[in-house]
Amino acid sequence: MALLWMSSTAFTQASEAPFGLSWGPVTTVPKPSMADREANITALFYVHGQPPASGPDTQQVVLEVCQDEGLQQVIWVSQDFPEAELSARYEPIYQEGVRRHGEPVKDSRPETVVWPEGHTLLAVRSVEGGRKRLIMIATGDQYEKCSAAHEAGAGHPATVHTSALLEATTP
């Protein structure tokens, strides 16, 4: 998992999205496992083993493509792992974020940090059986514009789509 996010094409830079993708217009993406469209956003879902969700610790990757702004959000969800492995899984990703974007700020949600300049969030969430999961969300520069258009068309901002994923509830 750390190798996935630490590779030069996987962790966001100012103009590049994770997994070697670019923010903005999308001309080609791997065929998704599933696609879902609501208002101006099409979510492309990739399951473990299917590029770009091919990393060994990846459960799922979701690409959110906006009608006018193109690719504006990449959501990476890790496989579940024992809590005892949390530090070993989290620390390399966190340190790469610090290297690329500086010190993060704590988010209002527990176990969540944000790199505002990098438009990136890293969260730890509990799952069944006392296990943990890492979630990383990277957004493009036009995400707010896309979200406003989504709210006009769907009645809610685009952030609603990730809010359940980021709720810090213990099962």
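A nonpolar core here is a set of buried Ala, Val, Leu, Ile, Met, Phe, Trp, Tyr and Cys residues joined through side-chain atoms within 4.5 Å; buried means under 20% relative accessible area with a 1.4 Å probe, counting protein chains only. You're looking at a predicted model, where local features need pLDDT of at least 70, side-chain atom pairs count only at pLDDT 80 or more, and totals for chains, interfaces and linings use all residues. Residues are numbered from 1 along each chain as its sequence is written, and side-chain values use heavy atoms, with hydrogens and water left out.

Start with the cartoon. You'll find four helices and nine strands, taken as DSSP runs (H or I, at least four residues, for helices; E, at least two, for strands) and numbered from the N terminus. Read from that end, the order is α-β-β-β-β-β-α-β-β-β-β-α-α.

Next, select Val61, Leu63, Leu71, Val74, Tyr90, Leu122 and Leu134: they have the most contacts inside the largest nonpolar core, which has 26 residues. Colour the elements giving it two or more residues, among them β3 (58-66), β4 (70-78) and α2 (86-101). The largest share, five residues, comes from α2.

Now zoom in on Val61. Beyond its neighbours within four places in sequence, its contacts include Phe19, Leu44, Pro52, Val74 and Trp76, a contact being heavy atoms within 4.5 Å.

Then pick Ala43, Val77, Ala123 and Ile137, which belong to a second, separate core of 11 residues.

Last stop, zoom out: buried residues make up 48% of the 171 in the protein.

Terms used: Buried < 20%, exposed > 50% of the residue type's maximum accessible area, 1.4 Å probe, protein only.
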